[in-house]
Amino acid sequence: MQAFSSNPSIFVFFKIRTHMSNTISGFSKLSKSDKINWLLETYFSEQDQARTLVESYWNTDDKLQKLHDEFIENTITNYYLPLGVAPNFLINDTLYAVPMAIEESSVVAAASKAAKFWLERGGFKAEVIATEKIGQVHFMYHGDVAKLKAFFEEVKPILIKDTAAITKNMELRGGGILDIELRDKSDDLPHYFQLHAKFETLDAMGANFINSCLEQFANTFKREALLYKAFTEEEQNLTIVMSILSNYVPNCVVRAEVSCPISELKSKDIGDPEAFAQKFKQAVTIAELEPYRAVTHNKGIMNGIDAVVLATGNDFRAVEAGVHAYAAKDGSYTSLTHCTVENDRFTFWIEIPLALGTVGGLTRLHPLVKFAMEMLQNPSAKDLMKIVAVAGLAQNFGAVKSLTTTGIQEGHMKMHLMNILNQFEATTTEKEQLVEHFKTNVVTHSAVVEAIADLRK
């Protein structure tokens, strides 16, 4: 130890050698059992305990477990999230029970409470405004921009023709390539240009379809450039950087809304509807103006949105990225929801970009995704956009309502109570007694710890 403390370079060398000894080649080629063995031997001191934990999450149905193993690479076990249900969502006069996969306490409860609140006031209204999706071929071109524009006009029909085999089935269903534009981005980055393409993918999220089209565009564009006689040799050798869809979909937008006379807002925890409406509107306005608040405000919206997106087998990371970019589309980050209190009427709404699918991907593979889709009455992609937007609006309504009335912690901590009790391995009897105790006492972590200690004395 003395040698290491007096000579830091030796200590660093020792650490590097230790880390290097943990590397492995060909890990992906190992069987699941061998992957687990290597992990346990390399990183775990209590190997038997770790193995038991990993294997306890395997499905007892071998066929079903194999299906899960093949969703991703290097699978060793399943990672569970609770699948909850928020009932009583009245959307465009159709009643839904909405599936939500999420680990955070109070999200499903808040959504359910908001759904019940608006069920008695006409429910939610939702409409899809547009469904256009975007993909881009990014390339570098050194030469005369006028010649590039002339070349693009000549090659555009060929780009579309060369993707005919890819787009055939999509076109039969009414989708396909909507347009391709040449965009000059060289003011931002010297010699940088794009083929900016617009797509309609109907009930598919469309990532694979769009990317396949884009890669064919790139191949055709490169090939035809080498044949274009007006180009110099340098101009012919344009460089394709990459071809990829965009998760920013500002023209794939859905709007959801709730509205009622202000007097109808009166409820158990809203004694003065006019005061509540004004305070609620102020809270939303603050989120529109203050980015620090807007981020947390929108995070609450995404609690509802992500939970339904995940439950229905869609890509919540893509949705998150697109939504937050949309929130900043006008130059500063702002609220995704808006509120008016005018002419004795309260109106609260959201406009949000959502690129979702009800066919392809996990939607036809994961048994619980199929279950969730059936629960939602097998929606089209447009219907799912409406449902997801409504879930986000409901979640935000519940959060802002709590913030402007009782405070956020009262409801959240009561829902979080069971997590705290489980941390202390409370018995069923202890849970029953403590839940009863906290019906009339404020839930905080320290209060729960104290109550458990008193109970166990």
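The model is predicted, so local features need pLDDT of at least 70, side-chain atom pairs count only at pLDDT 80 or more, and totals for chains, interfaces and linings use all residues. Residues are numbered from 1 along each chain as its sequence is written, and side-chain values use heavy atoms, with hydrogens and water left out. The protein chain has 457 residues, and 41% of them are buried. Here buried means under 20% relative accessible area, exposed means over 50%, and partly exposed lies in between (1.4 Å probe, protein chains only).

**Overall build**

- The protein chain holds 18 helices and ten strands. Helices (H or I, at least four residues) and strands (E, at least two) are DSSP runs, numbered from the N terminus.
- Along the principal axes, the C-alpha atoms of the protein chain fill a box of roughly 90 × 80 × 50 Å.
- Take the contacts in the protein chain between residues at least 6 apart in sequence: 70% of these join residues at least 24 apart. A contact means heavy atoms within 4.5 Å.

**The largest pocket**

- Pockets and cavities are found on a 1 Å grid over the protein atoms alone. A pocket is an open set of points with protein on both sides within 12 Å along at least five of seven lines. A cavity is a set of points where a 1.4 Å probe fits but cannot get out. Lining residues have an atom within 4 Å of a point.
- The largest pocket has a volume of about 1500 Å³. A volume is the space filled by probe spheres set on the points, and grid points are joined across faces, edges and corners.
- The largest pocket has 38 lining residues, and Phe71, Leu310, Gly313, Leu362 and His366 lie nearest its centre.
- The lining of the largest pocket has 21 nonpolar, 15 polar and two charged residues. Ala, Val, Leu, Ile, Met, Phe, Trp, Tyr, Cys and Pro count as nonpolar, Asp, Glu, Lys and Arg as charged, and the others, Gly among them, as polar.

**The cavity**

- The structure holds one cavity of 30 Å³ or more.
- The largest cavity has about 120 Å³ of space.
- The largest cavity is lined by 15 residues, with Met205, Asn247, Val249, Ala318 and Ala355 closest to its centre.
- Both β4 (133-140) and α13 give two or more residues to the lining of the largest cavity. The largest share, four residues, comes from α13.
- By class, this lining has eleven nonpolar, three polar and one charged residues.

**Cysteines**

- The disulfide count is zero. A disulfide is a pair of cysteine sulfur atoms within 2.5 Å.
- Cys213 is buried, at 0% relative accessibility. Its closest cysteine sulfur, in Cys252, is 16 Å from its own, too far for a bond.
- Cys339 is also buried, with a relative accessible area of 7%. The closest cysteine sulfur to that of Cys339 is in Cys260, 10 Å away and too far for a bond.

**Aromatic pairs**

- The whole structure has 23 aromatic pairs. Rings of Phe, Tyr and Trp (its six-membered ring) pair if their centres lie within 6.5 Å; planes under 30 degrees apart count as stacked, over 60 as edge-to-face and the rest as tilted.
- The rings of Phe151 and Tyr228 form a tilted pair, because their planes lie at 55°, with the centres 5.0 Å apart.
- Phe151 is in helix α7 (residues 145-162) and Tyr228 in the loop between α9 and α10 (233-236), so this pair ties together parts 77 residues apart in sequence. Phe151 and Tyr228 are both buried.
- Phe280 and Phe346 form an edge-to-face pair, 5.2 Å centre to centre with 75° between the planes.
- Phe280 lies in helix α11 (residues 273-289) and Phe346 in strand β10 (residues 345-353), so their pair ties together parts 66 residues apart in sequence.
- Phe280 is buried, with a relative accessible area of 0%. Phe346 counts as buried at 0% relative accessibility.
- One aromatic cluster is formed by Phe117, Trp118, Phe276, Phe280, Phe346, Phe348 and Phe397.

**Ile177**

- Ile177 lies in strand β5 (residues 176-184). Ile177 is buried, with a relative accessible area of 18%.
- Leaving out residues up to four places away in sequence, Ile177 touches Thr163, Thr167, Lys198, Phe199 and Phe217.
- From Ile177 to Ala115 is 62 residues in sequence and 38 Å in space, C-alpha to C-alpha.
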